[in-house]
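Keep the picture in view as you read.

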Amino acid sequence: MFGKSSRRDKPGYARLDVRTFAVVLAGAAVFCTPASGAVTWIHKSSTTGDLPAPNAGSQQTCCVVFDIDKDGVDDFVVGERTKTPSVVWYKYNGTGWNKYVIDDTPLKPEAGGDAYDIDKDGDMDLVLGQDASGNAVWWWENPCPDFGKPWTRRLIKDSGGRKHHDQSFGDYDGDGKVEFVTWNQGDKKLLFYNIPGDPKTAGPWMPSPIYQWSSGREREGFPSIPVDIDLDGRLDIVGGGRWFNKYGDGGKFREHPIDEEMTFTQCAAGQLVKGGRPEVVFSPGDMDGDAKWYQWDGEKWVAHTLRPVLHGHTCEIRDVDQDGNLDIMIGEMGDPGAGDEANIYIWYGDGAGGFEETIAWHGQGIHEGKFGDFDGDGDLDILLKPYHHNAPRLDILLNAGPRKVSLDRWQRYHIGAIMPDICAAIQTRRKGAIARSCLRQRRALSAKAIRLAG
Ligand SMILES: [Ca+2]
Ligand SMILES: [Ca+2]
Ligand SMILES: [Ca+2]
Ligand SMILES: [Ca+2]
């Protein structure tokens, strides 16, 4: 089938190549519109009244998804750093989403954040880190079921370096208790915290730096769902182009680079190829470049290029079409990023390393976009949160299930209109350093090929 790459192919390019060579060999003037099981999306937006915008500001930095009120439906938190309220959350009301205030004071949250029941009272609490303006990391006590007033904010960190882009909770040392980790870009450190037994009165928590870098790009990113990379039964930390596992008795962690070029990235991990170690995806988050997925061959991580992306600050792995195989979502920012040409890509996996590349949405930049079941119907929807592009604004793409496969619908395209593009795409398939303009061209050409395949 067109668009389906085998494990030996290079995913991401395979779709274009197969089509290209089929056209060249056949010399025909028609393309087959590939039968596609890709999900159809129903668009909801703050611009059409389905939900309110977070506030009047245009720097919507963070986005965290969890079930705040314990009703089984995913809720979500959005932070904005120029206006108040600075942190709000949203709950589905049956037709749209209502907004509630978490913090009505001015704050400058950074991208990232995570949730965990820090005070062990049965509801999930929120953590966000401050941006380059300061050295704070905060947690907010979930007041469930009383959501009539802002949440109580407490400090995890108020000293040391500034900027905290991305946080994660997990039992990373295997002691049966969940720990908290955050990147601290200002101090070039990865900080590890045991959660205090009395978090409401403990004051700032005691950090253990478990990794430090001295040069090169910033490190950032954690998977939204932690994984056990080396299959020893203990969760591992993934991010900044590497993974870390605990060793010995002294709370030490060992660094394992996956790709040194992928430090400044957003990431996701999961069993894209069933069995063995989980695979890892790194997407250039605050820069442009090739997004790649990585597979452990027993001795080293083998990189597979997905495609060039512009500020691919959304990177998730979940089973979007519910076929039992994990899929990849990478979304491009608009400003900075791809502007009105921003795409949300979904690669539908076959569980064996083959992917069908699709564009789920086009035209609105996404930043820290997340999957969640936001309407409670049992399937994964997309929270389309921009950072600055057209902000203030939020959109939600509701999952309407896989498109019906049709074998008798063909569409005709003129080869002359796209052959120069395809030839250019072939010529620019070199590895190594790629000029920004070349990367943008490759991205535009291959995106055009996908849209033609629609
Ligand atoms: Ca809920
Ligand atoms: Ca709690
Ligand atoms: Ca799937
Ligand atoms: Ca849903």
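A strand, as the word is used here, is a DSSP run of E residues at least two long, and strands are numbered from the N terminus. With that in hand, we can begin with one residue in this predicted model: W243 is found in strand β15, which covers residues 242-247.

Is W243 buried or exposed? A residue counts as buried if 20 or more other C-beta atoms lie within 10 Å of its own. W243 has 26 other C-beta atoms within 10 Å, so W243 is buried. Which residues does W243 touch, leaving out those up to four places away in sequence? They are I229, D236, I237, V238, H256 and I258.

**The chain as a whole**

The chain holds 3 helices and 27 strands. Among the contacts with a separation of 6 or more, 51% are between residues 24 or more positions apart.

**The nonpolar core**

In soluble globular proteins, nonpolar side chains tend to be buried together. In this model, the largest nonpolar core has 97 residues. Which of its members touch the most other members? They are F76, V77, L126, V238, V280 and V281. V238 is also one of the residues that W243 touches. As for V281, setting aside its neighbours within four places in sequence, its contacts are C267, A268, A291, W293, C315, I317 and I328.

**Two open sheets**

Strands of a sheet pair through backbone hydrogen bonds, either parallel or antiparallel. One open sheet in this model is built from 4 strands in the order β6-β7-β8-β9, with antiparallel pairing. Its edges are β6 (114-116) and β9 (152-158); each has a single partner strand, so one side of each is left without a neighbour in the sheet. From one strand to the next, the twist averages 25 degrees. Strand β8 (residues 136-141) is joined to β9 by 6 bridges, and V137 has K157 in β9 as its bridge partner.

Another open sheet also has 4 strands, in the order β10-β11-β12-β13, and here too the pairing is antiparallel. The edge strands are β10 (167-170) and β13 (207-212), each pairing on one side only. In this sheet the twist averages 25 degrees from one strand to the next. Strand β11 (residues 179-184) is joined to β10 by 4 bridges, and F169 stands opposite F180 in β11.

**A strand covered on both faces**

How are the two faces of strand β26 (residues 381-384) placed: buried or exposed? Both are covered: D381 and L383 on one side are buried, and so are I382 and L384 on the other. β26 pairs with strand β25 (residues 370-372) and is also joined to strand β27 (residues 395-402). G372 has D381 in β26 as its bridge partner, while I382 stands opposite L397 in β27.

| Strand pair | Bridges | Sense |
|---|---|---|
| β8 and β9 | 6 bridges | antiparallel |
| β10 and β11 | 4 bridges | antiparallel |
| β25 and β26 | 3 bridges | antiparallel |
| β26 and β27 | 3 bridges | antiparallel |

Methods: Residues numbered from 1 in each chain as written. Chains lettered and ligands numbered in written order. Predicted model: local features only at pLDDT ≥ 70, side-chain atom pairs only at ≥ 80, totals over all residues. Pairing = 2+ DSSP bridges. Axes fitted to C-alpha atoms, helices over the stretch in contact; angles between N-to-C directions. Core = buried A, V, L, I, M, F, W, Y, C linked by C-beta atoms within 7 Å. Buried ≥ 20, exposed ≤ 12 C-beta atoms within 10 Å, placed from the backbone. Contact = placed C-beta atoms within 7 Å.
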